[in-house]
Amino acid sequence: MALLSQLAAFMLSILLTFLPQMPFLDVVTERLQDFSLSQQAKEAITDTQRAHVAKVMEQTNAAYGNLTVEELAQQLEEKDVLGFAPVTWIPQDYRALAVSYVFAGFFSINDGLNPVDVFQMQVNLAVEAQIVARTAFTLIEDNYLKCDACAHFRWANNTTRLFGFEASRVHLINYELAVLVVQPVIRYMQDRFNAFLQEGKNEAQARSLAMVESGAYALNYRELLLQGAEDFDGWNETFGNAEVMDLWNNNQGRLAAVNASLPGGSYQQFLAHWDNGSLIVSETDADATMEKRQFIFENKSLWHPLVKP
């Protein structure tokens with residue numbers, strides 16, 4: 001009876017939250033898939049994994065200057081990092097962005113990258129690329145995706161120049177994966193934080209413990225996404241046009257950085273690539289074509305952080 005009540009509540013939440021925006025059957029399928037991945041990610045957490053994650057999270061926190069998610073979100077908002085988009089952003093968006101920044105770094109440090117390099121790539125160079133892109137193009141809706149393409153190309157190009165092709169490849173893929181898992185991670189983090197408070201922990205203790213739990217959960221969720229993407233149908237369900245655009249343009253930026261025959265800095269190289277049509281310039285099927293999707297899928301190092309070229 002309790003299980004039936006929980007299922008009924010879950011289905012009701014689907015109806016109340018998503019029915020006005022999406023067809024009912026699509027919503028049910030999508031939410032059940034998310035729910036299944038979330039349950040599997042929770043159940044896979046072990047004490048051994050918690051101990052490992054605690055060490056990696058400590059390195060991540062140190063690299064990020066021991067900033068809380070809220071403090072990092074405030075810094076990103078003050079720098080207007082999301083200001084290039086033709087929409088109005090709210091504090092919750094910056095909090096989600098900050099969580100993505102932190103867990104992208106956590107993934108990469110877990111995968112063996114230098115923590116200090118990771119911070120430079122994720123915070124300093126990512127923000128710099130966004131600001132340069134926003135400054136370079138008039139902020140009208142038609143140029144939003146050009147800003148996005150420029151930011152990703154420049155980010156990949158400069159991280160490759162400073163930290164090498166492999167570090168850039170691993171980290172920028174991990175950022176895309178962090179974006180994919182950010183919403184379930186935020187929900188899980190909040191649930192665990194509240195649970196630890198109820199157990200009598202103070203806020204600092206609850207926050208620290210929740211971050212460790214969320215780190216283990218995020219690693220498991222990432223692994224489940226990557227496993228599900230092993231066949232082309234599963235890959236297409238995991239990576240939407242926005243991710244395909246970013247993965248493609250990131251790779252173009254990296255290749256340009258190591259091509260000695262290409263003159264100029266990252267911005268000049270971006271303009272040349274934009275003009276010659278080698279970038280994905282929109283999040284439409286017309287640009288993120290099935291041919292390009294197939295190319296990325298078959299070249300696994302373009303979307304899997306642990307598979308080298």
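This is a predicted model: local features need pLDDT of at least 70, side-chain atom pairs count only at pLDDT 80 or more; totals for chains, interfaces and linings use all residues.
## Overall picture

Contact here means heavy atoms within 4.5 Å. Residues are numbered from 1 along each chain as its sequence is written, and side-chain values use heavy atoms, with hydrogens and water left out.

The secondary structure comes to 13 helices and zero strands, where helices (H or I, at least four residues) and strands (E, at least two) are DSSP runs numbered from the N terminus. Of the 309 residues in the protein, 47% are buried; buried stands for under 20% relative accessible area, exposed for over 50%, and partly exposed for anything in between (1.4 Å probe, protein chains only).

Side chains of opposite charge can pair when their charged atoms come close. With a salt bridge taken as a side-chain nitrogen of Lys or Arg within 4 Å of a carboxyl oxygen of Asp or Glu, the count comes to eight salt bridges. One of them joins Glu70 and Arg95, at 3.3 Å from N to O. This pair links distant parts of the chain, with Glu70 in helix α4 (residues 69-78) and Arg95 in helix α5 (residues 91-110), 25 residues apart. Glu70 is partly exposed, at 39% relative accessible area, and Arg95 is also partly exposed, at 22%.

Glu128 and Arg154 form another salt bridge, their closest N and O atoms being 2.7 Å apart. Because Glu128 lies in helix α6 (residues 115-136) and Arg154 in helix α7 (residues 144-163), the pair ties together parts that are 26 residues apart in sequence. Here Glu128 is partly exposed, with a relative accessibility of 26%, whereas Arg154 is buried, at 15%.

Then there is Lys300, which pairs with Glu230 at 2.9 Å between the closest N and O atoms. Lys300 sits in the segment after α13 (290-298) and Glu230 in the loop between α9 (203-228) and α10 (232-238), so far as sequence goes 70 residues apart. Both ends are partly exposed: Lys300 at 25% relative accessibility and Glu230 at 40%. Elsewhere, Asp47, Arg50 and Glu213 are linked in a network of salt bridges.

## Helix α7 and its partners

Which helix packs against α7 at an angle of about 45°? It is helix α11 (residues 241-258), with the two axes 7 Å apart; axes are lines fitted to C-alpha atoms, for helices over the stretch in contact, and angles run from 0 to 180 degrees between N-to-C directions. The crossing of α7 and α11 is right-handed, a term used when the near helix is turned clockwise from the far one by less than a right angle, with anticlockwise giving left-handed. Residues of α7 in this contact include Leu145, His152 and Phe153, which lie on the side that meets α11 residues, among them Met245, Asn249 and Val258. By class, the contact has eight nonpolar, seven polar and four charged residues. In this scheme Ala, Val, Leu, Ile, Met, Phe, Trp, Tyr, Cys and Pro count as nonpolar, Asp, Glu, Lys and Arg as charged, and the others, Gly among them, as polar.

The axes of α7 and α8 also come within 7 Å, and they cross at roughly 140°. That crossing is right-handed. Members of the contact include Trp155 and Phe163 in α7, and His171 and Tyr175 in α8. Its residues divide into seven nonpolar, five polar and one charged.

## Two buried residues

His171 has its place in helix α8 (residues 165-198). Is this histidine buried or exposed? His171 is buried, with a relative accessible area of 0%. Leaving aside neighbours within four places in sequence, His171 is in contact with Ala104, Gly105, Ser108, Leu113, Val118, Met121, Gln122 and Trp155.

Thr238, found in helix α10, is buried too, with a relative accessible area of 15%. Not counting residues up to four places away in sequence, Thr238 touches Leu180, Leu225, Ala229 and Glu243. Of these, Leu225 is 13 residues from Thr238 in sequence and 6.9 Å away in space, C-alpha to C-alpha.
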